[in-house]
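Subject: Structure for you to look at

Hello,

Here is the structure I promised to pass on. Please open it and keep it in view while you read the notes below.

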Amino acid sequence: MCNIGKIIKRNRIKCKVCGDVIESKSVYDFVTCSCKRCYVDGCRGV
Ligand SMILES: [Zn+2]
């Protein structure tokens, strides 16, 4: 679970650690940021 990043939209999050903005484009899409501390998967974000 990621409590570091900020959820910008439903499927998008910005990591406070590395500054990456990652976005999941589908329900089955699992995306991590550069430092791997944050992730989004599908429609839930975190
Ligand atoms: Zn990060």
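Why is Tyr39 classed as partly exposed? Tyr39 has 18 other C-beta atoms within 10 Å, so it is partly exposed. The classes are defined this way: a residue is buried if 20 or more other C-beta atoms lie within 10 Å of its own, exposed if 12 or fewer, and partly exposed in between, with C-beta atoms placed from the backbone.

Before the rest, some notes on the model. This is a predicted model, in which local features need pLDDT of at least 70, side-chain atom pairs count only at pLDDT 80 or more, and totals for chains, interfaces and linings use all residues. Residues are numbered from 1 along each chain as its sequence is written. The chain has an average pLDDT (the predictor's confidence in each residue, from 0 to 100) of 80, and 83% of the residues score at least 70. Confidence is lowest in strand S1 (residues 6–9), with a mean of 76, and highest in strand S3 (residues 21–23), with 90.

The chain has five strands and zero helices. Both are DSSP runs numbered from the N terminus: helices are H or I with at least four residues, strands are E with at least two. Of the 46 residues in the chain, 22% are buried.

Now the sheet. S1, S2 and S3 form an open sheet in that order, with antiparallel pairing. S1 and S3 are at the edges and have a single partner strand each, so one side of each has no neighbour in the sheet. On average, neighbouring strands of this sheet are turned by 30° against each other, direction ignored. (The axes are lines fitted to C-alpha atoms.) Two strands count as paired if DSSP finds at least two bridges between them. S1 and strand S2 (residues 12–14) are antiparallel and joined by three bridges, and a hairpin of two residues links them. Lys9 has Arg12 in S2 as its bridge partner. S2 and S3 are also antiparallel, over three bridges, and Ile13 stands opposite Ile22 in S3.

Back to Tyr39, which lies in strand S5 (residues 39–41). Tyr39 and Glu23 are 16 residues apart in sequence, and their C-alpha atoms are 8.6 Å apart in space.

Last, Asp29 is in the loop between S3 and strand S4 (30–32). Asp29 counts as partly exposed because it has 13 C-beta neighbours inside 10 Å. Asp29 and Asp41 are twelve residues apart along the chain, with 5.6 Å between their C-alpha atoms.

Regards

How values were computed:
Axes fitted to C-alpha atoms, helices over the stretch in contact; angles between N-to-C directions.
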